[in-house]
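Good morning, colleagues. Please have the sequence and the model open as I speak; I shall go from the whole chain to its parts.

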Amino acid sequence: MTTVSASSPTPPSTPREPGTPHPRPPLEQSRHLATAIPGPRSLALAARRATVVAAGVSSTLPVYVARAGGAVLEDVDGNRLVDLGSGIAVTSVGASAPEVVAAVSEQVADFTHTCFMVSPYEEYVALCEVLARLTPGTHAKRSVLVNSGAEAVENAVKIARRATGRDAVVVLDHAYHGRTNLTMAMTARAMPYKTGFGPFAGEVYRVPASYPLRDPDGMTGAQAAARAIDIAQRQVGADRIAAVVVEPILGEGGFVVPAPGFLPALAAWARENGIVFVADEVQTGFARTGAMFASEHEGVVPDLVALAKGIGGGLPLGAVTGRAELMDAVHAGGLGGTYGGNPVACAAALAATALYERDDLAGAARAIEDRALGRLRDIAADVPAIAEVRGRGAMLGIELVRPGTLEPDKDAAGAVARACLAAGVLVLTCGTWGNVVRLLPPLVIETSVLDDALDVLERALRGLA
Ligand SMILES: Cc1ncc(COP(=O)(O)O)c(C=O)c1O
């Protein structure tokens, strides 16, 4: 029986053989509403929260989670919600994947922390070996492990600056790179990420992205890249630019897939001008888009890749993986941090990355795309508020506008998300104007659960017509 108390003791368990799965019964993979959303226990927790949690921390869901498994979240009132958000693209291997739980449990029993900068351990090294193998390109690579996506992006910039001796960083319109001071500067959207939090880090320059729905009709990827490059060259100068940092699919900015050719053209320009091409694959990485990394869809081999989210199977971890000669340009002691590459997070990541490969989760993401994209496009044909359905793999977005225009309709996206939630399906929104409904299901979602969630989403979308 679930209780609201956060401190309810875990029942004593008998010792397990190493590697055996966590003993709790798996959470039933189905949607179930036991109360209204939110139920009474969630409401009680919301009241407690209001007295102690900072108002600046907001939550999409008004319910409080008691358990999670696979693609289902169970709340403190016994409601089971289908999770089409994966904790923002984190639990791609499923919430509490048994292999991750077992690896974490074993590691916790061995040791929880030493600080790799003080007393190193194998798990860090083993994970860097995996990252060297999985990330695009066959060149010699090195990695540094950190705690979050923002930290990964910051470190990629530090490395690029040290390796090139240059200062300037070029980023895209609609970009999201995090909430630390440097990554706030690199992030495009003011509200809620930047407003009132300046002054921001200097030497960050923004150029237009490729946004096919909103670009001039027929603009190719090469033309969109030329537009961006022209601004960077005129306003900064290629010889001053250390790095161009690009999300291969814009994430928080609206799940915008650039026109074909945009990324390769930017990467080629970077290469020709000694600029480090950094792919921020924090959201797109680890099988999410139907390839292990989204850069692969266009054959782009980044110099540095910033990683986080899906890498850790739910535990906090980030990484920068990149060309050995760039990574090793940094002096000893220049990279690191107390917790970076924490052994428990590394154990989780070793288990999660093994699952991406063993279970071909990139193939699972493509199967989700096959099942969902056509269906959503059929709905779009009937609902004029849907300007575009787009995405790759299990990273799909639905951009909502006022019918007959390209005027973003944030209220419509909010209404769809609320209707889904009331029926027990968690969907997130995103986009520069907040008008994109985004789907990021765990890649292990069962077909029947996905279909059921899409039924709910379809009703919500058709409700806009
Ligand atoms: C593309 C991208 N970069 C960086 C970040 C920041 O990651 P974190 O929240 O782990 O700092 C995010 C988070 O959503 C992201 O989507």
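Predicted model: local features only at pLDDT ≥ 70, side-chain atom pairs only at ≥ 80, totals over all residues.

How many helices and strands does the secondary structure of the protein chain come to? There are 13 helices and 15 strands, where helices (H or I, at least four residues) and strands (E, at least two) are DSSP runs, numbered from the N terminus. The radius of gyration of the chain, taken over C-alpha atoms, is 22 Å, close to the 23 Å that the globule rule gives for 465 residues, so the chain is as compact as a globular protein of that length. That rule is 2.2 Å times the number of residues to the power 0.38.

Residues are numbered from 1 along each chain as its sequence is written.

Along the principal axes, the C-alpha atoms fill a box of roughly 65 × 60 × 45 Å. Of the 465 residues, 51% are buried. A residue is buried if 20 or more other C-beta atoms lie within 10 Å of its own, exposed if 12 or fewer, and partly exposed in between, with C-beta atoms placed from the backbone.

Let us turn to the domains. The chain is divided into domain 1 (40-83 + 361-462) and domain 2 (102-358), with bounds from an automatic or database domain assignment. Their C-alpha centres lie 26 Å apart. The contact takes 23 residues from domain 1 and 23 residues from domain 2; two residues are in contact if their C-beta atoms, placed from the backbone, lie within 7 Å. On the side of domain 1 that touches domain 2, the elements giving two or more residues are helix H11 (361-382) and strands S11 (386-392), S12 (395-400) and S15 (436-439).

Next comes a sheet. Which order do the strands of the open sheet of four strands have? The order is S1-S2-S3-S13, with mixed pairing; two strands pair if DSSP finds at least two bridges between them. S1 and strand S13 (425-426) stand at the edges, each with a single partner strand, so one side of each is left without a neighbour in the sheet.

Strand S1 (residues 65-69) runs antiparallel to strand S2 (residues 72-75), and four bridges join them. The two form a hairpin with two residues between them, and Gly-70 in the turn has a positive phi of about 60 degrees. S2 also pairs with strand S3 (residues 80-83), in the antiparallel sense, over three bridges.

Now helix H8 (residues 262-272). Its buried residues include Phe-262, Leu-266 and Trp-269. Among the elements that cover them are helix H7 (221-235), strand S7 (241-246) and strand S8 (276-280). Gly-274, with a positive phi near 65 degrees, follows H8.

Finally, the ligand. It is surrounded by 15 residues, the closest being Ser-148, Gly-149, Ala-150, Val-282 and Gln-283; a residue is near a molecule if its C-beta atom, placed from the backbone, lies within 6 Å of it. Helix H5 (residues 149-164) gives the largest share of this shell, three residues.
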